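Dear colleague,

Please find below the structure that I am handing over to you. The notes after it set out what was found, one region at a time.

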Amino acid sequence: MRKSKKILLAIIGVIALAVIGWFAYYLLHFVFYNDYRQYLSSYEVEEGTELKVLPGGGDVEGYALVAENDTLKLYAQTETGNVAVYDKRNGNITYSNPLKTDEDTYANSEANRNYLKSQLIISYINESKTEGTMDSYSFCVARDQMKVESIADGVRFIYQIGDLESATGIVPQYISGDTLERILALMPEADAKFTKLKYKESGVADNYFELLEATMNGPSQLRKLNSYFEAAGFTIDDYNREMEGSGMDFDPPISITIPLDYKLNADAVDVSIPMKAVVETGGGYLYKIQLLRFFGAGTMNESGYLLVPNGAGSIIKFNNGKTTAENYVEYVYGIDPLTAEYTVKENTDNSRMALFGIFKDSKNAIFATIEDGAANSLITAGVSGTKNGSECNNAYPTFVVRGTEKLAMFGTTGSEADLPIIEKDLYDSTITVKYTLLTGEDATYAGAANYYRNKLIGNGTLKEKAADGDDIKMYYDVIAGVGKTEFFLGVQYQGMYEMTTFDEAAKISDDLVASGITNQVMNLQGWMNDGYYHDATRKVDIHGSLGGRGGLENLNKKLLANGGKLYTDVAFQKVTEADHFYPNSNETSRYYASGYVAEFGMVNPATLRQTAGLGYEDNRFYLVSPKFVPRYVDIFLDKMNGVDVSGYSLRDLGSELHSDKRRTNVINREQALDVVTGLMAKMDESGKDIMVSGGNDYTFAYAEDIINVPVTDNDYYIIDEEVPFYEMLIHGCIDYSGTLINMNDSSDPDRRDQILDMIEAGASPHFVFTWKNSSEIKKTALNWYYSTTYENWKDMAVKVYSEVNAALKDVKDAQIVNHEILSNEVRIVTYSNGVKIYINRSDYNRYADGMMIPANGYVIGGVR
């Protein structure tokens, strides 16, 4: 019996130790793991001082000079919050708000007129879960609730936005005896006597007085008391404090205080909102800020256009007559998946650039770049007309400063309603938009690209390539292993099918060399961890059936010997559900309202929900929280240390950006961006080259190559022209390709449109190949890769490459310095080495610069 007890106690002890050990592991591995914090940026709020008006003003009537540098003067109207920027180079004046707003014929409502006069338009939710909007003019400036301070090289406006008036104004219904005596002492004797008579002792709290009921119902008496209290320095904050001290129930008015800074910086104005200094009172929760909606807007009497980051870039012409069109609205870097709807209503490409521009034919332009807060922003642009609510042609950013979600609530009667749920805290990230004033040749979209590229080269983000005389690159993905459901003695398990072994991939490279293609970039996919949809990188298992580590390194040597480069593909932020050892409950981003994990998949063609596996769990995936991505990157770099490959191809780290709404540790998208860029810097420091897919602009500092760049735009109705602005920034600094040619459902067997797209954008071809017939993957999750067989596509790949290479070889390392769209549908791309490429996309022969450009063709001109 005694022995049995000892055994039982021993078993209990072992179980207890196991539980304690597991709990300790859980805490250390999940709860207390915070390596991501080393990548987070921080900022300080500058102290403001009493406003100082500078001498030497007078350039802008009705405005005071508040800052000046060698290029610009900053003027402000302290009573309205309007600013004006005077350009010393040409005398041009750029205003934050339109002039003569009350005469705007399209601003046919009071709200629209107030918006024209506002610098900020905010959205908020109150304690009753009701959404509301307030503008800085009618809810602040018109109520005399704005303050102005000086800051270094600029000015700060402090907006207290809200309806601060109670039923009695700033006169408290209840006031402590000490406060009443202090206020009375600050009033003239007659005013103090009148005020004292309007209060009586109250029993709501010790030494408290309350306003007489007759006085509360007497408008003339309240007006007089409000003027007395205001003259004595009593404020709405004092009012709130006295009412709270009385212990009586009252609803303090909602107000949101926002500082808005303008600072001159060379030829630009940096406009920022330090979110640490934003104050919310009265139960209002700020979640969105529209910033300078009409800064530098074009009028109906001006000619020009707006530049928006739609795909490669798009032009919206001033006053284009599309008054029924919806405004252009896109989230920078795409919408956060954790705030997007599950239903996909349209198939569009994400915005890759945090910028926009307003260009006027008078050779003055504003080129805006979002320096801080881009990951939580969206860009809106519209033309004069009814949809825009004004005569203006404008573009502006909006910033999401706190997450919101709609939680579906079901009643007992079957009714349904969406309840807005808002996150507890504001995002502690500063907001900064740089408005650069461009003049002369820089005041076009091509000039802006040259200006910005030179700036990025100057600060080290981009690096100019030296001309080497090589052919352009040929990019091709090779699918090695693919996960496949297998059975053994009736038991199902996840196996892998070898679509292309490493030796077979080498044969593809050799065969392309034999066809004259040497400058190859192979993106090897499915080379580890059970194939294309690989397991999380807690391990790096290079499959022996594909060739193992030795085969991989031999493949790398083969590519180098052939004049090319091998990248090994890896996904860090998306983990397939087929990885049954991934701790999805602990390491996946979560929704704030419901707490569900972020789980996505393919788009179901019947329901349009992006959560489908379409018969394969591989197609469904989890979004790894930004908190845990660093661990997977560190493990990968450690496991790959010493493995001889040229570089790493980042499948999702250069294009995917998502938050984690886990209530115990919210990580917003701007913080996720800090983590991603920090990890890319670490990978860059590993000594390997980096290739990214998609290529959001924050990858420019790290990427040697970018695949799947946008070479066209989304065909929104309001758009007038597409332009290769993205490519104009990076050509001659980063090599790139468009999307997969053989996965494009083109009806043109010659791929003419795609070839012209590549030539205009300066992009290299991009294919995907498998050695085995693509029919072999019909019964796998990659069945949508329906046309990949190398033998079938070799001739087309060589033909497309040969034509594009002939057109672009001489400009491979040059920069695109100009892009023109002629009235006859001819487009001219000019390079820094003097070469011009004329592209004709029409069905008729066209002429330009004395040359005939064939229909759906191109001509190489200029000086080589």
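**The eight-stranded sheet**

Eight strands with parallel pairing form an open sheet in the order β39-β37-β36-β35-β31-β30-β27-β40. At its edges stand β39 (735–736) and β40 (766–769), each with a single partner strand, so one side of each is left without a neighbour in the sheet. Please bear in mind throughout that this is a predicted model.

If strand pairing is new to you, the general principle is that strands of a sheet pair through backbone hydrogen bonds, either parallel or antiparallel.

Helix α10 (residues 548–561) lies across β27, β30 (520–525) and β31 (565–570), and it runs at about 140° to β31.

How many of the residues of strand β22 (residues 377–382) are buried? The count is six of six, and the strand is therefore described as mostly covered, buried meaning under 20% relative accessible area. S377, I379 and A381 point one way from β22, whereas L378, T380 and G382 point the other way, and all are buried.

β22 pairs with strand β19 (residues 328–331) in the antiparallel sense over four bridges. In this pairing, Y331 stands opposite L378 of β22. β22 also pairs with strand β23 (residues 394–400), again in the antiparallel sense, over six bridges. Here A381 has A395 in β23 as its bridge partner.

**Two helices side by side**

Helix α12 (residues 629–640) and helix α13 (residues 669–684) have axes that come within 11 Å and cross at roughly 10°. Angles under 35 degrees count as roughly parallel, and α12 and α13 are therefore roughly parallel to each other.

Which residues make the contact between these helices? From α12 they are V629, P630, V633, D634, F636 and L637, and they meet V675, L679, K682 and M683 in α13. Sorted by class, the contact has eight nonpolar residues, two charged residues and no polar ones.

**A threonine in a loop**

T80 is found in the loop between β3 (72–76) and β4 (83–87). Its side chain makes a polar contact of 2.7 Å with the side chain of Q77. The side chain of T80 also reaches the backbone nitrogen of N82, at 3.1 Å. Leaving aside residues up to four places away in sequence, T80 touches Q119, V141 and M146.

**Two lysines with positive phi**

Most residues other than glycine have a negative phi. With that in mind, please look at K129, which has a positive phi of about 65° although it is not a glycine. K129 lies in the loop between β6 (120–125) and β7 (131–135). Is K129 buried or partly exposed? With a relative accessible area of 35%, K129 is partly exposed.

K363 likewise has a positive phi of about 65° and is not a glycine. This residue lies in the loop between β20 (355–360) and β21 (364–372). K363 is partly exposed, its relative accessible area being 41%.

With kind regards

Notes
Residues are numbered from 1 along each chain as its sequence is written. This is a predicted model: local features need pLDDT of at least 70, side-chain atom pairs count only at pLDDT 80 or more; totals for chains, interfaces and linings use all residues. Side-chain values use heavy atoms; hydrogens and water are left out. Axes are lines fitted to C-alpha atoms, for helices over the stretch in contact, and angles run from 0 to 180 degrees between N-to-C directions. Angles under 35 degrees count as roughly parallel, over 145 as roughly antiparallel, 65 to 115 as roughly perpendicular and the rest as oblique. Contact means heavy atoms within 4.5 Å. Ala, Val, Leu, Ile, Met, Phe, Trp, Tyr, Cys and Pro count as nonpolar, Asp, Glu, Lys and Arg as charged, and the others, Gly among them, as polar. Buried means under 20% relative accessible area, exposed over 50%, partly exposed in between (1.4 Å probe, protein chains only). Two strands pair if DSSP finds at least two bridges between them. A polar contact is a pair of N or O atoms within 3.5 Å; within protein, one must be able to donate a hydrogen and the other to accept it, and residues adjacent in sequence count only if both atoms are side-chain atoms.
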